[in-house]
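Trainee: I have a model open and want to learn how to read it. Can we go feature by feature?

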Amino acid sequence: MTNSPPRSPIIRLGIPPTLAWGYLGLLLFMIGDGVESGYLSPYLLDQHLSESRVALLFTVYGIAAGIAAWLSGVLSDLWGPRRVMWAGLGIWGVFQLLFLTVAIPLGSYPLMMSAYGLRGLGYPLFAYGFLVWIAGVAPRARLGTAMGWFWFAFTGGLPTLGSLVASGLIPHIGAYATLWAALVLVAAGGLIALLLVRDDHGGRGPRGDGDGQGPVATLVGSVTILWRNPRVGVGSVVRVINTASQFGFFVILPIHFTRTVGFTLTQWLHLLSAMFATNIFANLLFGVVGDRFGWRRTIAWFGGAGCTLSTLLLFYVPHAAGANFSLALLVAAFYGATLAGYVPLSALVPTLEPRHQGQALAALNLGAGASTFVGPAVVALFVGPLGVEGVVWIFAGMYAVSWALAHFLKLPDEPGTADAARRGPEPAAASALA
């Protein structure tokens, strides 16, 4: 009997070893992208933009991000994830420079709309291109954990450490110069990921998509999969709901917490950092929990039901207690933790369509990108007639809907599905993933 060699710490953690530098690069990239998340809306208000114009700016940014998130899966099938990530890094850098050197100094709203909106194409191409890369490398038994590490790095930067960096830099160099620091962090993270990762999957699409489809068929297939496989469509809708409130709250909560509840901007940034510091560790937890407890059940109960409750508490506890930092910290942390309950979606959705994982991920990424404009759009449409309280109830209702929808996300080999009936009794390991 021979002893197998000990596994490296990275493998034991569930990180694909060939992609380890990519996770670090993603973290730095998203720190740079998240620097502005806690203060850009009040900063733009100070530049004499109206609240509705700021919400519209964020909505346009979100539309661009939604398009890029969808294209990240499609283009990764055609070009490979590495090229898609290069495109995302280049777009982010070019339009951030335009935003900082022309749009803001001139105070031109059309230029801000163009530069900031088009910059929204950048981060989804980079981040979700890497998500496709992970799907092509990680084994199914540890896919939830590998995706948990992805979301650890993603939300570790946007907005957790990004907000912390902003709170540290703004008092010393000012809000405008802090946006330049964001560009440096994005460039550093992007170059680390793209120059140090050595993995053959970066030059081609994910496993399971090698059917020789042309560009048009791949593009069309990434949309038609939403109804060809209705469970993928449902997963995409659930993904929209997952972070819609997060992006909507980026617009209204900095203003609400500082101007209505009574916190200072620094206190708000610390709350935001704590919210998503909890989230990044919960991402790891729910990645592992999903692999053990079941992906679908984790999404429904920890994600859907949890966020329904935490969204309401995030508004009503500070509303009742005022600028009580300790209580606000507790509810902010709870909200951040429940957002992570949706982490197993990144493992579940591509497994729903094993022959077209890239198309399934494109659909999921479309949902992720759509949430970046659905959230601000809900704010833009309803904050006027319903106020912040009404908007919060809309988001809570959306989470309740996602709880119901999650029950339809059964794997192809799960008991009760047509595929399972054709295949006969399923292995115990497969049923555990549902």
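This is a predicted model: local features need pLDDT of at least 70, side-chain atom pairs count only at pLDDT 80 or more; totals for chains, interfaces and linings use all residues.

Trainee: Which residues make the nonpolar surface patch?

Mentor: W21, L24, W86, L191, L195 and L196 make it, and the patch covers about 550 Å². Two helices, α2 (20-34) and α9 (175-196), each supply at least two of the residues.

Trainee: Take L191, in helix α9. Is L191 buried, partly exposed or exposed?

Mentor: Buried means under 20% relative accessible area, and exposed means over 50%. L191 has 37% relative accessibility, so L191 counts as partly exposed.

Trainee: Now a helix. How far apart are the end C-alpha atoms of α7?

Mentor: Count 1.5 Å a residue. Helix α7, residues 122-137, has 16 residues and should span 22 Å. Its end C-alpha atoms are 23 Å apart, which agrees. Next, check the cover: 15 of the 16 residues of α7 are buried.

Trainee: And aromatic pairs? How many does the structure hold?

Mentor: A pair of rings is described by the distance of the centres and the angle of the planes. This structure holds 30 aromatic pairs. In one of them, F130 and W133, the centres are 6.2 Å apart and the planes stand at 75 degrees, so the pair is edge-to-face. Both residues lie in α7, 3 residues apart, about one turn of the helix. F130 is buried at 0% relative accessibility, and W133 is buried at 1%.

Trainee: Which parts does the pair of F152 and F281 tie together?

Mentor: First the geometry. F152 and F281 are edge-to-face, with 5.7 Å centre to centre and 70 degrees between the planes. F152 is in helix α8 and F281 in helix α12 (residues 265-293), so the pair ties together parts 129 residues apart in sequence.

Trainee: Which residues do ring pairs link into a cluster?

Mentor: The cluster has F58, Y61, F99, Y116, Y123, Y128, F150, W151 and F154.

Trainee: Last one. What is L158 in contact with, beyond its neighbours within four places in sequence?

Mentor: L158 touches M30, D33, G34, S37 and Q246. L158 lies in helix α8, residues 143-173. Its relative accessible area is 4%, so L158 is buried. Also compare positions along the chain: I280 is 122 residues from L158, yet their C-alpha atoms are separated by 9.9 Å.

Terms used. Residues are numbered from 1 along each chain as its sequence is written. Side-chain values use heavy atoms; hydrogens and water are left out. Helices (H or I, at least four residues) and strands (E, at least two) are DSSP runs, numbered from the N terminus. Buried means under 20% relative accessible area, exposed over 50%, partly exposed in between (1.4 Å probe, protein chains only). Contact means heavy atoms within 4.5 Å. Patches are made of residues with over 30% relative accessible area and no salt bridge: like charges are joined within 9 Å, nonpolar side chains (Val, Leu, Ile, Met, Phe, Trp, Tyr) within 5 Å. Accessible areas come from the Shrake-Rupley method with a 1.4 Å probe; for residues, only the protein chains shown count as cover. A salt bridge is a side-chain nitrogen of Lys or Arg within 4 Å of a carboxyl oxygen of Asp or Glu. The expected span of a helix is 1.5 Å times one less than its number of residues. Rings of Phe, Tyr and Trp (its six-membered ring) pair if their centres lie within 6.5 Å; planes under 30 degrees apart count as stacked, over 60 as edge-to-face and the rest as tilted.
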